[in-house]
Amino acid sequence: MTSPDLDSLMKKLTSRGFHEIALQYTKTRTEQVRFSQNTEDLHNYWDESSVSVFAAKGKRTVSTTIADFADADETVNRLWEISDRIPENPRFVGLNPEKVKYTKPQDSIDSEYDLQDMSVNLVNSAIENGAERTAGVLYNRSHSITVKTNHNECTYETGGLEVLIRSFRDDRTGQEARHFGKSIRVDSKTIQQIGKGSAQPLSLARESADIKPGKYRVLMSPYVIGNIISYSSDFLSYHSVESGLSCFADLLGKQVSDSGLTLMDDPLDTGGVGFRLCDNEGTPTRKNTLIGNGVLKSYMHSYSTAKRNGAETTGNAGILNPTAWQLKISPGKVDSEKLLSQLDDGLWINNCWYTRYQDYRNAVFSTVPRDGAFYVKNGEVKGIAKGIRISDSVPSILGNVKAVSRDTKTVKWWEEIGPSSMPSVLVDSVNISKGF
Amino acid sequence: MEPDLIDKILEYASANSSYAEARFMDITSNYLSYRNGEFEGLDFGRESGYAVRVVNNSISMAYSNSSRWDDVKRSVDMALERSRFRGKNSIYRGKEVKDSWKVQAKKKIEDFSIEDKSAILKENDSIMKDGGASVRVNGLSDKRIRQFYRNSMGSEISGDISRIYYHYMVGVVESGEFEQSVEHYGASSGYEYIDGLNLQEKIGHDISDLHQSAAAPRINPGKFDIIVGPEISGIVAHESCGHPTEYDRIIGREGAQAGESFLTGKKIPFRIGSEAVNVIDDPSMEGSFGYYRYDDEGVKSRKRYLYKDGMASDYILNRESAGILGVESNGGGRTASWNLEPLARMSTTYIEPGNHGFEELFDGIKKGVYIKSFTEWNIDDIRFNEKYVGKEAYFITDGEVSGRVRRPVIETNTISFYSAVDAVGKDLEFNAGTCGKGDPMQGVDVWMGGPHMRLRSVHLQ
């Protein structure tokens with residue numbers, strides 16, 4: 001399927017009678033190497049293209065994805081037939097009608113990588129720094145995307161390199177999961193540093209510390225705060241707010257965190273794989289401050305949610321359900337190493353996973369630390385904190401932020417962390433639970 | 001798109017590798033939802049394409065959704081080129097199998113109208129609203145999968161699968177307190193499955209329960225004899241038996257993502273709990289959400305005792321993990337789509353019923369808690385340290401239910417949980433779920449279930 005097919009598809013849908021149409025053509029080439037036990041398990045290669053279609057007849061909305069353009073006529077007929085038989089969708093107000101211009105992104109760098117060599121380099125670095133065995137994955141992705149609506153058309157390239165490695169030594173583990181957009185050329189030294197970083201937690205402690213359930217001051221690594229922010233970013237979507245499923249409802253303009261915390265969505269940063277030039281209805285993306293100096297500044301909006309809320313679109317469509325593209329917490333003033341050295345009595349947690357909510361409205365959740373959780377006394381790691389859980393709420397975590405590190409990392413891990421740039425964050429009174 | 005190129009792909013890949021497979025999947029799907037009384041639109045999907053797997057010095061796969069041979073050949077060549085790199089290359093090859101199979105559906109997906117689907121959602125939204133729910137989400141989806149599989153051993157399998165899935169989320173506020181419930185139902189079936197679900201009654205009960213739970217007292221932490229309901233038996237079977245017995249996890253294949261297993265480095269049989277505990281994974285259970293006669297690697301499905309008499313006793317194997325173990329695959333190779341690799345996966349995982357009646361389980365409990373269902377849950381990456389937060393739960397005093405308790409928390413480990421089981425009920429119920437694993441993440445349809453069970457002296461908080 002080729003990009004110019006969008007014109008004929010748009011004509012077909014328009015002549016059929018649809019009033020509002022958003023098409024997104026995506027051509028993807030992805031190479032992957034998966035490895036475990038220090039050896040490659042699988043080489044994968046994807047060559048795919050498809051067009052996602054959103055079409056509205058008044059407030060009756062239908063969507064689909066066309067993978068084989070030979071099916072286009074049949075699909076258009078099916079969409080039309082369906083649109084007569086479904087109820088109206090009151091949530092749909094329309095697509096952004098404003099004629100817009102798009103900024104030219106930073107030029108891409110030739111991103112040919114030898115993933116085979118890279119995986120060997122990565123694994124060797126981890127082993128040289130104390131890992132007994134490793135597992136991970138490397139991706140090199142290239143996406144060509146065109147978004148075409150009745151009103152606008154936007155074409156851009158995105159993708160980049162993703163590097164994930166987990167290091168093991170007996171029952172201890174460490175992990176790094178990084179992403180680099182098309183404007184970054186990743187060299188072998190960077191790969192070695194990632195391998196080394198994954199092994200770093202292995203040597204910090206051997207013995208377990210006796211951790212009792214209770215409230216702790218916790219230094220959260222970029223992966224921990226990245227996980228919590230990724231899992232809670234939907235609460236900042238106006239779709240969740242108006243559904244009654246957001247802990248940020250009715251808090252615009254109010255203090256929700258320490259004044260040192262600023263959370264943004266920054267899809268225009270080509271240094272990450274979350275780069276995108278426009279959203280799914282062709283609105284130019286932009287850097288949005290969601291929480292500025294601890295104050296809730298904005299929800300994420302599409303044109304429809306913005307109109308319902310009396311606001312402006314923020315370029316986060318999801319036409320019906322706005323979504324974050326590339327979240328960032330702004331750097332603070334103190335190095336993370338100094339925050340650790342100043343931790344007089346608390347925990348340093350390097351990663352977490354399996355974040356689940358028992359209460360979406362109040363964002364009450366727990367998440368399971370992994371890849372290094374340590375008890376710290378007077379700035380020194382005293383032992384491994386085993387079997388613990390962060391069992392708390394998003395408002396409480398944000399409300400108890402005490403410091404944000406100057407150093408940040410681009411982090412993206414599997415289903416657990418979306419493409420982000422995160423610092424370490426020091427949080428007071430974090431509720432830690434433990435199994436019996 | 002039709003599987004016109006599958007034989008050509010296999011022929012070309014086989015000529016250039018020591019083992020080759022070609023798979024074609026065509027998936028059509030529909031999804032409709034209502035949120036707080038408002039219809040949210042309809043999405044229908046059709047995706048199809050080829051996957052090829054070749055083995056030389058290593059295992060390599062490639063995927064293409066083009067119907068042009070030149071495009072597909074380029075992808076196959078990419079797989080062949082990469083299969084000459086170093087890597088692991090053990091794979092169970094098996095013998096030639098030729099068969100076809102189909103999920104029988106009375107009310108076929110293609111015959112069930114959009115209007116009828118929409119009416120189901122709207123009615124359930126109304127029941128929720130009438131029950132005083134402030135948050136109401138209802139979703140209904142169906143999919144039909146046509147699959148064709150070939151390998152260089154001569155196997156030719158075709159399958160035709162129909163699955164129906166319903167989920168809802170409901171939230172109530174009672175005296176300023178919020179409580180929520182999320183439920184999932186699914187089956188390999190036609191739309192007759194929805195007729196037999198009695199969803200309206202289930203939803204009505206759920207909302208009534210949420211109102212009462214929101215107003216209930218919290219527990220004073222301590223040790224209690226507990227009875228868990230089938231929903232909890234099911235999630236426990238899935239999380240702390242099914243996942244840790246997936247052999248690819250045990251050998252580290254998922255180490256950087258979903259993790260490994262507490263069984264890594266252990267020899268089976270390995271004691272995991274009391275002799276009352278038996279856990280089965282059975283993909284051959286017709287009608288179940290995870291039902292298949294042949295897995296996505298062309299291996300016939302079979303029932304497996306993962307835990308038997310309190311001992312870990314078997315693994316879930318796909319062709320790759322069976323090859324590494326040096327045994328036959330037991331038919332656990334599943335993939336979520338045409339463009340994803342088959343992994344060792346669960347299907348219907350459940351605790352085998354015992355011989356206790358429901359009332360008998362309460363006998364002799366002086367101070368206990370009956371936790372019928374759960375809300376939040378999670379588990380660590382070796383599937384050992386786990387947490388289940390109760391949703392519908394009651395105190396038990398002298399063998400009788402004696403009032404509600406709000407969100408009691410079981411935070412324990414796999415061996416402690418299964419070791420505390422001293423009686424297993426006769427009943428058996430299943431819930432549907434989507435099990436996530438792999439990189440890229442792929443969710444496959446599963447059932448999880450079990451009977452009521454009694455556990456002694458469990459710490460609740």
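How do the residues of the lining of the largest pocket divide into nonpolar, polar and charged? The points below take this up; the model is predicted.

1. Largest pocket, composition. The lining divides into 15 nonpolar, nine polar and 12 charged residues. The space inside the largest pocket is about 930 Å³. It is lined by 36 residues, and those closest to the centre are A:D171, A:K386, B:D380, B:D381 and B:I382.

2. Largest pocket, elements. Two or more lining residues come from each of β5 (153-169), β6 (172-180) and β13 (364-377) of chain A, and from β21 (409-413) of chain B. The largest share belongs to β13(A), with seven residues.

3. Second largest pocket. Its volume is about 670 Å³. Of its 28 lining residues, A:E176, A:Q200, A:S336, A:D407 and A:K409 lie nearest the centre. Elements of chain A that give two or more residues to this lining include β6, α4, α5 (222-232) and β17 (417-434). The most, five residues, come from α4(A). By class, the lining has 11 nonpolar, 11 polar and six charged residues.

4. Helix packing. In chain A, the axes of α3 (residues 115-128) and α4 (residues 188-199) come within 7 Å and cross at roughly 40 degrees. α3(A) and α4(A) are therefore oblique to each other, and their crossing is right-handed.

5. Helix contact. On the α3(A) side, A:M118, A:N121, A:L122, A:S125 and A:A126 take part; among their partners in α4(A) are A:I191, A:I194 and A:K196. The contact of α3(A) with α4(A) has six nonpolar, six polar and one charged residues.

Technical notes: Residues numbered from 1 in each chain as written. Chains lettered and ligands numbered in written order. Predicted model: local features only at pLDDT ≥ 70, side-chain atom pairs only at ≥ 80, totals over all residues. Heavy atoms only, no water. Axes fitted to C-alpha atoms, helices over the stretch in contact; angles between N-to-C directions. Helix = DSSP H or I, 4+ residues; strand = E, 2+ residues; numbered from the N terminus. Parallel < 35°, antiparallel > 145°, perpendicular 65-115°, else oblique. Left-handed = near helix turned anticlockwise from the far one by under 90°. Contact = heavy atoms within 4.5 Å. Nonpolar A, V, L, I, M, F, W, Y, C, P; charged D, E, K, R; others polar. 1 Å grid on protein atoms, 1.4 Å probe; cavity = no way out; pocket = protein on both sides within 12 Å on 5 of 7 lines; lining within 4 Å. Points joined across faces, edges and corners; volume = space filled by probe spheres on them.
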